Amino acid sequence: MKPKFIIFIAFYICATFHGVAQTYIECVDSADYYIRREMWSDAERMTIAALKLKPALKTNYILWSNLGDIRTALKEYPQALQAFEIALTTVPDKERPRILNNRAFTYLNTGDETHALEDITESLAIDSIQEWPLKMRGMLKLGKANYSDAERDLNSLKRHFPKNASSYMGLGQIEAFKGNSAKAEEYLRKSLELEQNEEAWFYLILLNIESDKLPKAKDDLLVALKRYPRCGNLYLLRGLLHKKNYENDAALIDKKIAQDYGADPHLVERFFPQITK
């Protein structure tokens with residue numbers, strides 16, 4: 001997700017704040033220029049300069065929100081969260097979901113899923129039909145094995161945003177958990193039809209391995225590896241296929257390749273558990 005900046009360009013300021021010092025207008029205009037070009041350090045400098053010039057303006061929540069987004073891009077996460085907190089104290093209700101979503105994105109970058117989920121839920125309570133929040137809450141709930149809540153959000157995402165591939169990928173995982181392999185495969189293939197994604201390929205191939213559809217899994221794996229030749233998790237699946245065919249030496253070679261390419265350690269242990277005495 002790219003942060004959705006609240007654009008606050010010079011001509012708008014001139015029309016709204018007649019008589020405001022030109023230096024403030026120039027700072028805001030410069031900040032907007034740098035944001036558009038992703039020149040984050042310069043954007044931060046000019047936004048702070050504008051806030052110092054006119055700290056009491058009611059519309060400064062726009063600048064504070066943008067500063068949160070800028071600092072997130074700079075990986076200055078504590079300072080970004082502080083800026084969002086200030087923005088949220090004065091923001092009008094109609095703009096609140098946007099700032100909550102961007103703060104949730106910052107929380108996710110810090111690994112704080114709990115606070116991210118709280119912000120997303122508050123945002124959806126204000127406006128229940130938003131693409132990114134529905135997707136993220138659905139996937140976060142899925143990651144916590146809260147399948148009923150995840151399914152509700154992902155079905156809403158599919159209904160309102162039918163071209164969002166993530167809804168089908170998540171619903172495919174849920175159907176696989178329920179044991180509905182045919183429906184799961186239908187959803188996962190639909191996800192890949194909409195958008196190529198190595199994670200969706202992984203779940204599709206794993207589904208067919210676990211359903212003992214090994215030839216189909218092998219064919220899909222060849223396609224996926226051609227598209228993502230450095231995806232460690234896909235090599236784990238190739239190793240798992242070798243293992244199921246009792247080709248243990250080839251399986252161990254694929255395990256090593258998978259680890260070299262950054263395969264998920266939990267998946268490595270799941271498919272190739274360490275033997276302890």
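The legends below accompany an overview and several close-up views of a predicted model.

**Figure 1. Overall fold of the predicted chain.** The chain holds 16 helices and zero strands. Its radius of gyration is 24 Å, whereas the globule rule gives 19 Å for 277 residues, so the chain is more spread out than a compact globule. Along the principal axes, the C-alpha atoms fill a box of roughly 80 × 35 × 35 Å. Of the 277 residues, 47% count as buried. Among contacts with a separation of 6 or more, 49% are between residues 24 or more positions apart. The accessible surface of the chain comes to about 14,800 Å², and carbon and sulfur atoms account for 52% of that area.

**Figure 2. Helix H12 and the helices that cover it.** Helix H12 spans residues 198–210 and has 13 residues. From its first C-alpha to its last, H12 reaches 18 Å, close to the 18 Å expected at 1.5 Å a residue. The buried residues of this helix are Ala200, Trp201, Phe202, Leu204, Ile205, Leu206, Leu207, Asn208 and Ile209.

Figure 3. Asn197 caps the N-terminal end of H12. A side-chain oxygen of Asn197 lies 2.7 Å from the backbone nitrogen of Glu199. Beyond the other end, H12 is followed by Asp212, which has a positive phi, near 60°.

Figure 4. Arg270 forms a salt bridge with Glu210, and the closest N and O atoms are 2.7 Å apart. Because Arg270 lies in helix H16 and Glu210 in helix H12, the pair ties together parts that are 60 residues apart in sequence. Arg270 is partly exposed, with a relative accessible area of 46%.

Figure 5. The side chains of Asp42 and Arg45 meet in a salt bridge, with an N to O distance of 3.0 Å. Both residues lie in helix H3 (residues 40–53), where they are three residues apart, about one turn of the helix. Asp42 counts as partly exposed, at 25% relative accessibility. Arg45 also counts as partly exposed, at 44% relative accessibility.

Figure 6. Lys256 and Asp260 meet through their side chains in a salt bridge of 2.9 Å, N to O. Because these residues are four residues apart in helix H15 (residues 248–260), they are separated by about one helical turn. Lys256 counts as partly exposed at 46% relative accessibility. Asp260 counts as exposed, at 51% relative accessibility, because the cut-off for exposed is over 50%. Elsewhere, salt bridges that share partners join Glu185, Arg189, Lys213, Lys216 and Asp220 into one network. In total, 23 salt bridges are counted in the model.

**Figure 7. Positive phi values in two loops.** Most residues other than glycine have a negative phi. Lys75, however, has a positive phi, near 65°. Lys75 is found in the loop between helix H4 (60–73) and helix H5 (77–90). This lysine is exposed, with a relative accessible area of 60%. Ala145 likewise has a positive phi, near 60°. Its place is in the loop between helix H8 (131–143) and helix H9 (147–160). Ala145 is partly exposed, with a relative accessible area of 44%.

**Figure 8. The buried residue Ile99 in helix H6.** Ile99 is found in helix H6, which spans residues 96–110. Ile99 counts as buried because its relative accessibility is 0% and the cut-off for buried is under 20%. Ile99 and Leu88 are eleven residues apart in sequence, and their C-alpha atoms are 7.3 Å apart in space.

Conventions
Residues are numbered from 1 along each chain as its sequence is written. This is a predicted model: local features need pLDDT of at least 70, side-chain atom pairs count only at pLDDT 80 or more; totals for chains, interfaces and linings use all residues. Side-chain values use heavy atoms; hydrogens and water are left out. The expected span of a helix is 1.5 Å times one less than its number of residues. Buried means under 20% relative accessible area, exposed over 50%, partly exposed in between (1.4 Å probe, protein chains only). A polar contact is a pair of N or O atoms within 3.5 Å; within protein, one must be able to donate a hydrogen and the other to accept it, and residues adjacent in sequence count only if both atoms are side-chain atoms. The radius of gyration is taken over C-alpha atoms; the globule rule is 2.2 Å times the number of residues to the power 0.38. Contact means heavy atoms within 4.5 Å. Accessible areas come from the Shrake-Rupley method with a 1.4 Å probe; for residues, only the protein chains shown count as cover. A salt bridge is a side-chain nitrogen of Lys or Arg within 4 Å of a carboxyl oxygen of Asp or Glu.
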